[in-house]
Amino acid sequence: MTTRPVPAWADRLPFYYGWVVIAIAFITMAIGVNARTAFSLLYPPILEEFGWSRGVTAAAFSLGFFASAAYAPLIGTMMDRWGPRFVISVSAVSVAVGLALTTVIAEPWQLYATLGVLVVGGSLGMAYTGHGSFVPRWFERKRGLAVGIAFSGVGLGAMAMFPWMQALIDGGGWRTACWSVALLVLVVVLPLNMLFQRQDPAELGLRPDGDVAPAPAPAGQAPAVPANVVDRAWVATEWTLARAMRTARFWWLAGGFISGMFTWYLVMVHQTQFLIDIGVSRERAAMALGVVPLFGVIGQIGFGHLSDRIGREWGWTIGCLGFVICYGTLLLMKSHTGMPLLALMVISQGVLGYAMTPNYGSIPAEIFQGSHYGSIFGWLSVSTAVGASAGPWIGGVIYDETGSYDMAFALGLVAAVLSSACIWMASPRKVRSVAGRIGRG
């Protein structure tokens with residue numbers, strides 16, 4: 001019997017495993033993030049059925065992100081200790097159980113506990129926080145591109161899931177949609193991550209970008225400093241959580257994430273109902289919600305790659321600019337409803353606004369990467385959860401008090417400008433240069 005030669009691709013599998021990690025993350029986020037984002041589709045029929053105020057109902061989404069603020073540090077610590085297979089699996093079960101229990105609610109507090117705490121809060125492990133805790137470890141030279149591809153699963157998933165969910169809501173009711181998404185999470189996300197996901201390239205004897213670990217430096221010779229390092233003393237520091245929290249950079253990042261997620265989630269939760277209020281059909285409003293993340297695929301991959309060339313601060317600023325244009329357009333649409341402005345709102349929010357996401361995963365890694373990065377990123381994600389929870393709640397309260405979203409949307413616009421300023425103050429470019437800036441000073 002002759003022995004079949006080992007295929008060349010098999011010898012290279014460890015090198016390619018970083019892209020396997022990205023592919024699994026792409027699928028997981030396509031389903032997991034949109035399981036919570038679908039709140040915007042469930043919001044109108046729940047309002048219609050129960051007759052609760054918009055502020056009371058939208059508070060479920062906000063409470064979920066308040067729960068995320070408590071979960072985030074725990075997720076970071078668990079990620080450092082047990083890795084994504086454990087963390088993402090627990091998250092998937094939480095979301096599936098929460099969606100199933102949402103179908104039997106009768107009081108607002110039950111909505112808060114199920115769709116809020118278990119679904120929105122529980123999704124954190126398979127959303128941006130969970131993946132941001134380990135995906136950036138797999139890449140350095142192409143970090144922005146890789147994180148952008150992983151996170152772009154949200155956009156393609158939304159384009160597939162939201163029309164499907166809206167059809168389920170129209171045909172069988174919102175409870176049917178909840179059961180269907182719960183099953184999808186259990187059948188796809190849970191086994192895929194339990195079997196194949198990995199936390200760190202070191203598990204395969206690799207370095208970021210699939211490189212083979214270098215030979216040890218000769219005795220008496222200092223290890224070579226990577227070409228992208230700008231601040232050697234900063235990079236040489238072993239960044240624990242306590243040490244990171246004593247730096248101004250940590251708090252500038254926190255400020256940038258609070259204000260950035262405030263502006264992001266305020267519009268995401270309220271835009272469908274706003275569009276319906278000004279006369280846009282439910283079908284077109286639902287399609288707009290789904291098309292935004294689809295355009296976001298362009299923003300995440302394109303501007304993630306661009307941030308590897310021009311720098312993380314510019315990438316984040318492009319995202320903030322997208323939301324400035326988005327909010328300005330929404331304010332105009334009250335008196336100039338039409339497809340051109342609706343298209344501008346969708347494109348600016350998607351193509352430009354989604355430039356935030358690959359940089360959200362990359363910026364903290366440029367500054368604090370190391371063995372404790374998961375814990376540091378987890379605590380930074382508390383600020384993300386605070387901003388994401390405050391945006392929808394404040395937007396709902398402002399509407400209930402004034403009968404208009406004008407003040408809320410103006411506040412979201414200001415928050416976007418503030419977020420950009422905070423990231424520039426954090427200055428990741430002064431710690432590590434992106435690949436495209438090496439040698440340019």
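These legends describe close-up views of a predicted model.

View 1. V93, V97, L101, V104, L183, L186 and V187 make a nonpolar surface patch of about 600 Å². Helices α5 (84-102) and α10 (174-196) each give two or more residues to the patch. V97 sits in helix α5. V97 counts as partly exposed, at 39% relative accessibility.

**View 2. Helix α4 against helix α5.** The axes of α4 (residues 54-82) and α5 come within 7 Å and cross at roughly 140°. That angle makes α4 oblique to α5. On the α4 side, the contact involves I75, M78, M79 and W82. Their partners in α5 are P84, F86 and V87.

**View 3. The R137–D200 salt bridge.** The structure holds eight salt bridges. One of them joins the side chains of R137 and D200, at 3.7 Å from N to O. R137 lies in the loop between α7 (128-132) and α8 (143-151), and D200 in the loop between α10 and α11 (232-236), so the pair ties together parts 63 residues apart in sequence. R137 is buried at 14% relative accessibility. D200 is partly exposed at 21%.

**View 4. A salt-bridge network around R312.** R143, D308, R312 and E366 are linked in a network of salt bridges. Within it, R312 and E366 meet at 2.7 Å, N to O. R312 belongs to helix α15 (residues 312-333) and E366 to helix α17 (residues 356-368), so their pairing ties together parts 54 residues apart in sequence. R312 is buried at 2% relative accessibility, and E366 is buried at 3%.

**View 5. R429 meets E313.** The closest N and O atoms of this salt bridge are 2.9 Å apart. R429 lies in the segment after α19 (406-426) and E313 in helix α15, 116 residues apart. R429 is partly exposed at 37% relative accessibility, whereas E313 is buried at 2%.

Technical notes:
Residues are numbered from 1 along each chain as its sequence is written. This is a predicted model: local features need pLDDT of at least 70, side-chain atom pairs count only at pLDDT 80 or more; totals for chains, interfaces and linings use all residues. Side-chain values use heavy atoms; hydrogens and water are left out. Patches are made of residues with over 30% relative accessible area and no salt bridge: like charges are joined within 9 Å, nonpolar side chains (Val, Leu, Ile, Met, Phe, Trp, Tyr) within 5 Å. Accessible areas come from the Shrake-Rupley method with a 1.4 Å probe; for residues, only the protein chains shown count as cover. A salt bridge is a side-chain nitrogen of Lys or Arg within 4 Å of a carboxyl oxygen of Asp or Glu. Helices (H or I, at least four residues) and strands (E, at least two) are DSSP runs, numbered from the N terminus. Buried means under 20% relative accessible area, exposed over 50%, partly exposed in between (1.4 Å probe, protein chains only). Axes are lines fitted to C-alpha atoms, for helices over the stretch in contact, and angles run from 0 to 180 degrees between N-to-C directions. Angles under 35 degrees count as roughly parallel, over 145 as roughly antiparallel, 65 to 115 as roughly perpendicular and the rest as oblique. Contact means heavy atoms within 4.5 Å.
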